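Biologist: I have a model open and want to go through its packing with you. Shall we take it one question at a time?

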Amino acid sequence: MSFVEQAPVLIVILPLLSAFLVNMVGLINRRYCLPFAILGIFGSFTASVITLIRIMEHGVIHYRLGGWPPPFGIEYVIDHFNGLVLVTVSFVSLLAVIFSKESIKQELPEKIPQFYTLFVLLVTGLLGMTVTGDAFNLYVLLEISALTGYALIAMGDNKALVASFNYVILGTIGASFYLLGVGHLYIMTGSLNMANLLTILPDLYSLNVIFIALLLILVGTWIKMAFFPMHGWLPNAYTYAPSAAGCLVAPLVTKVSVYIMIRIMLSVFSPLYVYSVVGLSDTIVWMAVIAILSGSILALAQTDFKKMLTYLIVAEVGYMVGGAWLASSSGLTGAILHIVNDALMTLCLFIFAGIVIYKRGGQQLQDLAGLYKKMPITMAAFTVGALSMIGVPPTAGFFSKWYLILGAIDAGKYHFMAALLVSSLVNAILFFRVIEIAYFEPKVDHHGGDSHKVAIDEAPLSMLVPLIIVALSLIVIGLYSGDIVTNIIQHSVPAGL
Amino acid sequence: MESIISDYNYWIYILLMMIGLYAMLAKNNLVKKVIGMSIFQTAIIVFYVSIGAKEHATIPIIAHGHGHGAVEAAIDVTHYANPLPHVLMLTAIVVSVGTLGVALAICLGIYRRYNSLEEDEIQEQLQ
Amino acid sequence: METITSIKPLLAVLVSLVAVIPIVASGSKPNLREAWTFLAGIIKFGLVVSMLPLVLNGSVIEYTLIEVLPGLPIQFRVDPMGMLFALVSSSLWIVTSAYSIGYMRGLDEHSQTRYFSFFAVALSATIGVAFSANLFTMYLFYEMLSLATYPLVTHHQDDEARISGRKYLSYILGTSIGLVLPAMLIIYSLTGTLDFAGQGILSIGLSKSTVTVLLLMCVFGFAKAGIMPFHAWLPAAMVAPTPVSALLHAVAVVKVGVFSIFRVITGIFGTDLLLSLNLGTVLCYIAAFTILTASLIALSQDGLKRRLAFSTIGQLSYIILGASLLSPKGQTGGLMHIAMHAFGKITLFMCAGAIFVATGKKYISEMVGIGKRMPVTMTAFLIGSLSVIGLPPTGGFISKWFLVLGTLEADQITMLVVLLGSSLLNAAYFLPVVYRAFFCTPEESLFEDKVQEAPLWCVVPLVLTAIISVGLFFFPQPFFNLARLAIQGLSGG
Amino acid sequence: MIWQLDLSILTLIVICAFATIMVKDLLSAAIIFGAYSFLMCLLWTEMGAVDVAFTEASVGAGVSTVLFIAAVHQTTRRVGFRKSGRGLSKAVGLVAALLTGLVLVIAEKDFPGFANPFTPASLHVSPYYITQTLHDTNVPNMVTSVLADYRGFDTMFETAVIFTAGLAVIAILRRYKKDDRCDLPDPHVISAGYPDTIIRFVARQLVPFIQLFALYVVAHGHHSPGGGFQGGVILGASFILLAISYDSRMIIGRMSEKWNILLGNIGVLIYAGIGFLCLLLGANFLDYSILSKVLPATDKIMARSHGMLGIETGVAIAVMAIVVSIYINIVSCGKYDKDE
């Protein structure tokens with residue numbers, strides 16, 4: 001067996017196997033859980049990186065599971081797009097699992113084995129959804145990630161249970177709509193393989209049923225990604241989840257759903273169909289505008305720091321959906337780049353929130369008071385994340401916003417550009433409010449001199465290191481976004497746009 | 001007559017879907033919502049299995065007597081129901097029972113903390 | 001015109017950024033910490049000066065750091081215009097650092113390490129703006145400067161600082177995100193480039209309304225230039241410690257604003273395009289309005305720093321006016337005014353700070369008779385005032401002279417009147433201060449005999465800048481040559 | 001297919017669905033839902049989907065109903081009246097349902113006729129399975145061969161889904177400490193039911209037969225309806241039967257939590273492990289044909305058949321353990337009787 005050749009399947013299998021190992025060693029001693037979880041995710045990360053490099057050298061990789069040729073068997077298809085998303089997902093999970101060590105000891109000391117098993121299974125589900133080229137296989141993994149997500153969120157406090165229940169109901173509706181959409185495609189074509197569907201469908205473009213299949217899949221993924229106004233489940237679920245779970249769920253679940261939407265748009269239906277044949281672009285971009293504005297405004301109204309972040313996720317989803325539907329190559333590039341950037345930004349902010357909860361025991365804005373003195377390194381990393389959310393160069397967030405706005409201009413959709421700018425300004429207000437609280441309070445003497453010092457009290461290294469890494473990666477990715485776009489994303493954006 | 005029957009199966013799945021969706025969104029009781037969810041999921045199963053049905057076809061198991069590799073040529077495709085939707089729906093059933101288990105577990109957790117299964121009463125306590 | 005590739009511009013930008021590390025590391029040893037600041041300042045100045053001969057010979061130094069977006073690199077280019085600005089900022093940083101030591105220690109301020117660190121970052125950003133080769137790089141450093149100066153403006157961390165900080169950021173960030181960013185993207189979308197070119201990049205047959213909208217977005221978007229109505233942050237930001245006001249709000253921050261506008265007008269829109277669309281006059285009137293209004297408001301201010309702030313707002317618009325005249329002489333004058341005003345105004349700010357350190361007084365009405373107690377400081381103040389008013393024998397006269405010539409060259413008689421009128425107003429709000437400081441009866445004097453000059457660290461720098469202000473009247477060549485070369489480059493290229 | 005039968009079953013199904021939503025007593029709702037599932041099971045059989053019917057019978061009509069009843073037992077039978085916001089949520093539900101219905105009806109217009117043997121779904125892809133299953137895998141039950149081989153990767157994750165669900169239930173409900181933070185009344189102790197000798201005796205006698213049948217279902221899945229999943233559920237059901245007729249403590253005594261979890265893991269690991277073994281031997285993941293290298297006296301085709309048997313066993317073990325685990329956790333509300 002060659003590791004490189006089998007890497008596509010190992011991306012998913014290594015975390016899957018490690019999930020069971022984590023669970024079993026947890027029966028012996030729960031301290032053994034974390035190393036196995038890290039090992040599994042790290043293996044997956046390595047495999048993802050190897051795969052991405054191979055794609056950049058040799059092009060799209062196909063992997064037949066069970067050796068069966070498509071469309072009879074299930075096939076993994078990895079191109080530049082999902083190669084990039086795979087690396088992002090595994091990288092974010094790796095940082096999140098390292099972060100979880102101390103946090104989970106504090107919040108859920110008794111359920112460590114269950115937590116890590118579910119955690120790794122969620123990662124498996126997300127990676128599996130990203131890597132597959134089969135519409136039904138995607139559904140199964142969607143459900144794995146959904147079930148683990150429900151459980152991880154429900155492990156939080158009392159409010160988390162209610163939030164999780166709403167998530168179960170809406171999440172099931174979303175997944176079922178997706179399945180129903182796939183069913184509509186199946187009844188008309190007899191195939192479940194995405195590439196196969198892409199070749200069969202053009203003959204059927206004139207039928208209503210194909211349009212409705214697209215609609216069902218879109219609504220399904222929109223519910224999963226909390227696209228306004230289908231976002232009802234998200235804020236509470238992510239706010240009250242255990243912080244370690246939040247660090248995994250919040251950055252990735254919505255982003256992978258966006259990936260699915262774009263994948264279905266491009267690889268099952270064609271750009272020609274989604275942008276030209278069905279006249280949905282205008283409507284959806286308007287919906288995205290509303291999503292961005294409502295998310296931003298609702299975020300302004302929050303006093304709970306984590307809840308504020310969750311509304312920002314709702315707004316960011318609007319960015320990506322809007323970008324994907326601008327029907328311009330810059331817009332699509334921006335949406336894809338934003339999947340990567342937003343995952344990292346959200347991770348940065350949620351790790352920060354986790355550290356605050358760990359240290360201060362609360363997540364209200366007022367709990368952040370005076371943090372610049374006490375935790376300068378944490379706050380520096382947070383500031384980078386915040387600037388990225390606002391879109392200040394050279395952080396990553398600026399560049400995806402750049403492409404999105406450029407796409408809006410190219411497509412002549414100036415209302416989308418305006419929404420992006422307004423959201424940037426709102427983000428600036430939101431984060432400078434946070435920074436102000438952390439910078440000013442509690443009150444210090446004006447002229448106390450340097451003798452007046454507050455003891456520095458940083459979080460444990462296992463929390464701090466992931467935060468620093470993700471903050472640095474935001475800058476590095478920002479600086480190299482030109483390379484990422486030309487070498488990776490450009491290959492995934494259809495030429496005709 | 002035949003056309004009505006052919007529609008009938010699909011009509012029913014749509015009807016079940018609507019019942020389930022309504023229950024999930026409009027019902028106040030959490031267990032009722034969960035029941036709605038199960039109905040919703042079975043509706044999809046009805047849809048898929050209906051795709052696989054063929055008139056005058058038998059179950060998708062090749063009758064005994066067909067030896068190994070000997071008589072493949074004789075297998076008539078229209079003679080057997082389409083097995084693929086069945087396989088997919090086996091998976092879907094498993095998924096739905098998994099979701100059911102988790103949903104009920106959450107319901108129990110909620111009941112233990114709020115002493116109620118009614119959504120409005122829980123919301124009241126949350127505020 | 002020769003183009004040389006050299007890493008020096010990057011080093012010049014980075015040196016103060018890197019200096020933050022030793023500054024923070026030696027936070028507990030103030031003397032060592034300040035030594036690092038000086039070292040960085042001197043290296044930076046040295047790097048800038050070492051490039052001066054090349055630039056004066058007509059060469060351009062370029063360095064491309066990384067191509068962040070296709071066709072849109074982070075790129076530095078040292079040309080005469082950037083050189084002029086970099087020279088002013090980097091030389092004044094050294095002076096201000098010395099002054100900062102006197103001021104901050106004199107008042108026993110808290111968090112001095114943070115103060116010096118962000119000061120260094122702000123300088124990096126300033127030089128970055130000066131050396132930017134395209135609008136994108138400039139925007140990057142512009143934003144970096146906005147953020148790096150926030151902790152400086154709010155240094156006192158009290159309620160007043162909080163409110164001012166909010167105002168500062170909302171004006172600066174609001175305009176840059178809300179106006180400059182979209183303008184930049186639209187320009188990029190239209191032309192596919194953001195490079196500063198001699199004759200602009202927008203002469204591609206756009207409609208007048210498009211160009212007008214873009215121009216206004218850029219001019220108002222760079223709110224650091226303090227064009228009304230986006231000027232209110234500047235007086236508010238005066239809550240900062242005086243060295244911050246001195247360097248950042250007389251030199252670095254505000255000049256970054258006008259410099260950016262200057263760059264955009266010449267390098268993106270291009271003089272010819274604006275002339276052909278007759279948009280220069282519009283800008284002239286905007287600038288003229290700000291000049292006169294700010295001067296009038298300055299008259300009514302009692303807080304010395306606030307009066308200086310409004311004076312700055314007016315003077316900044318001189319530079320904008322110079323650029324908008326779209327005539328070689330006027331633009332030369334505008335560019336030179338960046339330098340001349342910087343030296344004059346920094347002297348005034350440092351004087352205000354020295355008075356505060358020595359007496360704790362902030363208001364002009366409290367300063368009657370102070371000239372007798374602090375003669376050196378107040379003499380420097382007089383020189384600074386003359387320079388800002390534009391009277392010989394100070395550098396301010398030279399730049400104003402060219403501005404006046406520019407108005408004639410451009411046939412803008414109204415602007416000539418505005419310039420002269422505002423000079424009178426300048427005189428009206430500065431000279432009484434000096435007069436009352438020196439000429440009063442002993443009974444009127446509000447100061448005891450024991451009031452002394454501020455510490456040496458404070459006084460020496462302001463004397464130095466005052467001397468330079470006078471010196472520039474007699475030897476304006478370095479800046480004049482740079483400005484001339486810059487303007488030649490525009491028409492020649 | 002008999003359309004009269006089809007029609008009447010469907011009508012009954014709709015009636016049941018209405019009833020279970022409308023009825024005011026949750027226990028009744030659970031029972032009616034059981035009937036609904038059973039009717040579904042008849043419908044599947046009638047449409048020729050015997051494997052689906054088998055699964056529906058064991059899962060839908062069996063385990064689901066038991067879980068519902070257990071949950072209702074732990075909470076309340078009462079369905080209250082909504083006091084506030086009734087109109088809004090009803091309106092939302094109604095609009096969503098009608099909109100979905102409308103859209104689906106429009107789509108339905110384009111469907112090829114029901115039970116038509118010449119629809120795209122019957123002409124593309126699926127004929128391959130029907131004609132090639134014997135040739136490729138020597139498994140006459142094509143549902144099994146598609147499930148465990150052609151689309152075996154789906155099934156592996158299907159098993160992972162059920163494992164996840166079991167673990168999720170533990171993660172949500174399980175309480176290890178005696179004094180946890182919750183101050184609401186402790187759950188009903190289900191073991192405190194009255195002992196009924198007849199029921200206990202009959203259940204006890206039945207269990208071995210049920211388990212034997214379950215093993216047959218697993219082992220004979222290649223040739224008849226059934227397979228790992230159905231067999232596993234039946235195995236689990238046999239334990240649940242004991243737990244109901246005696247008390248859950250008895251099951252926990254025989255299948256401790258640790259063992260349960262371990263079995264669940266082992267089951268899925270057998271599946272994933274066989275797949276991984278194929279990979280180690282040099283083929284793609286889950287390509288059983290390579291197993292002929294290690295299995296004595298098997299050609300590639302038989303290796304596929306044996307591979308499927310192996311993974312079916314794994315599925316059965318995992319499903320059994322998880323079904324029991326879910327039941328115990330729900331019925332004891334996470335606080336095993338044994339802990340007290």
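Biologist: Leaving aside neighbours within four places in sequence, which residues is C:Cys458 in contact with?
Modeller: This is a predicted model, where local features need pLDDT of at least 70, side-chain atom pairs count only at pLDDT 80 or more, and totals for chains, interfaces and linings use all residues. Residues are numbered from 1 along each chain as its sequence is written, and chains are lettered from A and ligands numbered from 1 in the order in which they are written. Two residues are in contact if their C-beta atoms, placed from the backbone, lie within 7 Å. With neighbours within four places in sequence left out, the partners of C:Cys458 are C:Tyr99, C:Gly102, C:Tyr103, C:Gly106, C:Gly353, C:Ala354 and C:Val357.

Biologist: Is C:Cys458 buried or exposed?
Modeller: C:Cys458 is found in helix H18 (residues 456–474) of chain C; helices (H or I, at least four residues) and strands (E, at least two) are DSSP runs, numbered from the N terminus. A residue is buried if 20 or more other C-beta atoms lie within 10 Å of its own, exposed if 12 or fewer, and partly exposed in between, with C-beta atoms placed from the backbone. C:Cys458 has 29 other C-beta atoms within 10 Å, so C:Cys458 is buried.

Biologist: What separates the C-alpha atoms of C:Cys458 and C:Met350?
Modeller: Along the chain, C:Cys458 and C:Met350 are 108 residues apart. Their C-alpha atoms are separated by 7.5 Å.

Biologist: How far apart are the C-alpha centres of domain 1 and domain 2 of chain D?
Modeller: The bounds come from an automatic or database domain assignment. The C-alpha centres of domain 1 and domain 2 of chain D lie apart by 26 Å.

Biologist: How many residues of H8(D) are buried?
Modeller: Helix H8 (residues 152–173) of chain D reaches 32 Å from its first C-alpha to its last, close to the 32 Å expected at 1.5 Å a residue. That expected span is 1.5 Å times one less than the number of residues. H8(D) is mostly covered, and its buried residues number 22 of 22.

Biologist: Which element gives the most to the side of chain A that touches chain C?
Modeller: Here 30 residues of chain A are in contact with 30 residues of chain C. Helices H17 (396–410), H18 (414–440) and H20 (481–492) of chain A each give two or more residues to that side. With eight residues, the top contributor is H18(A).

Biologist: What radius of gyration does chain A have?
Modeller: The radius of gyration is taken over C-alpha atoms, and the globule rule is 2.2 Å times the number of residues to the power 0.38. For 497 residues, a compact globule would have a value near 23 Å. Chain A agrees with that, at 22 Å.
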